[in-house]
Amino acid sequence: MNPGSPEPAGVLTVDLDAITANWRTLRDLHAEAGGGETGAAVKADAYGLGAAAVAPALAAAGCRRFFVAQLAEGMALRPLLCSSHGPGPTIAVLNGFPPGADEDAALTPVLNSPGDIAAWSGTGRGAILHVDTGMARLGLSPAELEALAEDPSPLDGLRLRYVMTHLACADEPAHPMNAAQAARFAAARARLPAVPFSFANSAGIFLGRDFASDLARPGCAIYGLNPTPGRPNPMRPTVRLAAPVLQVREIPAGTPVGYGAGWTAQRPSRIATVAAGYADGYLRSLSGRAIGRHNWQDVPLVGRISMDLSAFDVTDHPAIGPGSMIELIGPGNSPDQVAARAGTIGYEVLTSLGARYRRAYSAA
Ligand SMILES: *Cc1c(COP(=O)(O)O)cnc(C)c1O
């Protein structure tokens with residue numbers, strides 16, 4: 001809803017200071033581990049928090065290399081990252097794109113296949129070569145890498161800026177995949193022209209020296225998700241989502257609430273109806289499990305989450321009335337905690353955040 005709207009709407013507050021502080025923390029950790037630069041993944045609209053606000057704040061904090069997934073994301077980002085002095089930050093497109101498609105936005109393609117290399121061969125453009133070391137997702141397969149090592153001529157007339165790979169299990173430090181991928185990546189680099197390399201995502205930065213590189217690519221930890229699951233979160237929280245109570249209803253014991261009569265009051269109850277539902281990214285799988293917060297107290301969600309509404313049992317919270325705000329996500333109710341209750345990961349909670357909230361950004 002637009003800020004001047006008289007309609008009660010949810011408010012998503014994004015703390016740009018916390019976001020830039022988190023990025024600096026990651027940059028310093030990566031440098032301490034022997035790494036070079038630290039960039040930022042701002043794909044999917046900066047993990048749902050708004051790339052138009054987040055990316056310029058990170059650029060002002062010193063971030064010079066940004067990663068998006070799609071061409072359209074890169075095209076939208078470029079005008080926001082223009083620089084009056086010298087070339088702006090680089091924007092790499094992880095999914096790649098065909099030559100020319102970026103017009104004059106000077107985006108950097110990630111080359112994920114022999115076909116991508118062939119398409120960009122001879123263009124003289126800067127590019128990042130992606131080799132797959134254990135995801136079987138994007139990047140050159142071991143056989144494709146071997147063929148390129150035997151005949152590197154497709155790389156002629158290409159400015160290879162980095163060779164990159166992506167960790168599959170960085171959030172599980174003891175997983176044998178981590179060391180295996182580090183070894184495969186080192187072997188792959190030895191078969192390719194000597195150019196800088198890019199390795200760790202957020203969790204990878206916490207794995208230490210073997211995962212340091214010329215360019216780290218953190219995303220989630222910048223936005224406050226815990227890059228060290230099972231251990232205390234070293235990052236600052238960046239998001240607060242609160243939604244208004246539209247009305248409060250007194251119901252006798254035995255009254256069902258919501259679709260499917262999914263919850264029935266066991267005592268005379270006060271039920272607050274709140275203006276946020278699954279269409280706003282308040283995941284339906286949180287039905288019966290979510291916890292809201294009001295004045296530092298837990299307020300249980302009851303029944304099924306609807307498209308635009310959800311219900312909270314405020315019987316024990318007499319101060320909550322129409323117009324009160326219930327915090328759905330916040331420092332005491334982190335995206336990771338919400339995700340655990342929904343049976344998903346914090347990434348999905350953030351990237352699901354809906355478009356109907358009023359968004360407020362603290363100045364960086
Ligand atoms: C999303 C992504 C990242 C960032 O990962 P986080 O786990 O969010 O830090 C880095 N590299 C690639 C290739 C990605 O797709």
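Modeller: Happy to! The unreviewed UniProt entry lists K43 and Y259 under "active site". Those two are 217 residues apart in sequence and their C-alpha atoms lie 35.1 Å from each other, so they do not gather at one spot. Of the pair, K43 is included in the lining of the largest pocket. Do keep in mind that this is a predicted model.

Let's start with K43. Helix α2, which covers residues 43-47, holds K43. With a relative accessible area of 28%, K43 is partly exposed, because that value falls between the 20% and 50% limits. Beyond its neighbours within four places in sequence, K43 is in contact with F67, V68, A69, E73 and L94.

Now for Y259. You will find Y259 in the loop between β12 (256-257) and β13 (263-264). Its relative accessible area of 58% makes Y259 exposed, since the cut-off for that class is over 50%. Setting aside residues up to four places away in sequence, Y259 touches R304 and S306.

N112 sits in the loop between β6 (108-111) and α5 (114-120). At 7% relative accessibility, N112 counts as buried, because the limit is under 20%. The side chain of N112 makes a polar contact of 2.9 Å with the side chain of H130.

Note on methods. Residues are numbered from 1 along each chain as its sequence is written. This is a predicted model: local features need pLDDT of at least 70, side-chain atom pairs count only at pLDDT 80 or more; totals for chains, interfaces and linings use all residues. Side-chain values use heavy atoms; hydrogens and water are left out. Helices (H or I, at least four residues) and strands (E, at least two) are DSSP runs, numbered from the N terminus. Buried means under 20% relative accessible area, exposed over 50%, partly exposed in between (1.4 Å probe, protein chains only). A polar contact is a pair of N or O atoms within 3.5 Å; within protein, one must be able to donate a hydrogen and the other to accept it, and residues adjacent in sequence count only if both atoms are side-chain atoms. UniProt positions are given in the numbering used here, feature names are shortened, and annotations may be inferred rather than shown by experiment. On a 1 Å grid over the protein atoms alone, a cavity is a set of points where a 1.4 Å probe fits but cannot get out, and a pocket is an open set with protein on both sides within 12 Å along at least five of seven lines; lining residues have an atom within 4 Å of a point. Contact means heavy atoms within 4.5 Å.
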